[in-house]
Amino acid sequence: MDKIPFSVYDFFAYLSSGAVWVLTADYVLGLGLLYQKDVSAVLGVSLVIFAYICGHIIAHFSSFTMEHLVVARLLKRPTSILMGGKPRFRLLRWTFANYFRPLPTHTQKRVNKQAEARGAAGTTAEALFLHAYSVVTSNGAIQSRLDDFRNQYGFARNMSFALMVSAITILVAHRLAFHPVHLRWAILSAVAGVALFYRYIKFFRQYSYELLLRYAELARPDSA
């Protein structure tokens with residue numbers, strides 16, 4: 001093969017998050033893989049493959065829990081917030097202040113005029129996102145820039161989920177006393193997981209922010 005089978009996104013979004021689970025399992029179960037001086041080629045390749053598989057599992061569950069439950073049902077999707085939507089609870093506005101900053105009123109009006117000119121007026125926030133995405137991504141350069149934001153929020157989301165699950169696993173292992181573990185690793189994992197969750201919603205919002213800005217500045221079909 002003349003090419004590496006993994007892309008950069010594969011490494012950061014799948015292998016790295018999967019490695020968190022592999023390292024956690026080794027630590028909690030006391031397998032001792034981390035302390036081996038010499039790792040055979042077979043074991044090394046097996047660990048990489050296993051981490052990659054774990055990364056895909058993490059991506060599936062992190063998308064379901066964080067994107068479809070936490071963000072969509074609790075925080076509201078970025079497009080809705082950017083177009084003037086309000087948080088469900090006042091506490092959320094304080095906790096995630098940057099996430100709940102809408103687009104300037106003038107920009108919202110430009111987006112609405114663009115949608116009206118293209119026959120998409122009055123659609124829901126999700127329908128507006130899908131419509132704007134199909135129009136804007138006809139430009140390859142814009143598509144590439146949006147992909148960068150998608151990769152960043154995907155990495156942060158997967159790592160946040162992996163670290164939070166690891167923190168819970170270490171806490172349970174400490175409680176059951178199956179193998180000696182230190183709570184400091186659970187605390188560090190939880191703190192890192194929360195920090196990366198903030199990074200996730202930042203880039204998730206930025207993805208829609210960039211999309212709507214590009215959409216608002218397109219030449220309207222009704223313009224001369």
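One aromatic cluster is formed by F96, F129, Y133, Y153, F197, Y198, Y200, F204 and Y207 in this predicted model. The count of aromatic pairs comes to 12. The largest pocket has a volume of about 280 Å³.

**Aromatic pair F96–Y198**
- The rings of F96 and Y198 form a tilted pair, at 5.2 Å centre to centre and with 35° between the planes.
- F96 belongs to the loop between α4 (90-95) and α5 (105-117) and Y198 to helix α8, so this pair ties together parts that are 102 residues apart in sequence.
- F96 is buried because its relative accessibility, 11%, falls under the 20% limit.
- Y198 is partly exposed, its relative accessible area being 36%.

**Aromatic pair F129–Y207**
- F129 and Y207 also make a tilted pair, with 6.1 Å from centre to centre and 40° between the planes.
- Because F129 is in helix α6 (residues 125-136) and Y207 in helix α8, the pair ties together parts that are 78 residues apart in sequence.
- F129 counts as buried at 16% relative accessibility, and Y207 is buried with a relative accessible area of 7%.

**Charge over a ring**
- K202 lies over the face of F203, at 5.5 Å from the ring centre.

**Largest pocket**
- Residues lining the largest pocket include V20, L23, Y27, L163, I170, W185 and S189.
- Two or more lining residues come from each of α1 (8-29), α7 (140-176) and α8 (183-216).
- Helix α1 gives the largest share of this lining, four residues.
- The lining of the largest pocket comprises eight nonpolar residues, three polar and no charged.

Terms used: Residues are numbered from 1 along each chain as its sequence is written. This is a predicted model: local features need pLDDT of at least 70, side-chain atom pairs count only at pLDDT 80 or more; totals for chains, interfaces and linings use all residues. Side-chain values use heavy atoms; hydrogens and water are left out. On a 1 Å grid over the protein atoms alone, a cavity is a set of points where a 1.4 Å probe fits but cannot get out, and a pocket is an open set with protein on both sides within 12 Å along at least five of seven lines; lining residues have an atom within 4 Å of a point. Grid points are joined across faces, edges and corners, and a volume is the space filled by probe spheres set on the points. Ala, Val, Leu, Ile, Met, Phe, Trp, Tyr, Cys and Pro count as nonpolar, Asp, Glu, Lys and Arg as charged, and the others, Gly among them, as polar. Rings of Phe, Tyr and Trp (its six-membered ring) pair if their centres lie within 6.5 Å; planes under 30 degrees apart count as stacked, over 60 as edge-to-face and the rest as tilted. Buried means under 20% relative accessible area, exposed over 50%, partly exposed in between (1.4 Å probe, protein chains only). A charge sits over a ring if NZ of Lys or CZ of Arg is within 6 Å of the ring centre and within 35 degrees of the ring normal.
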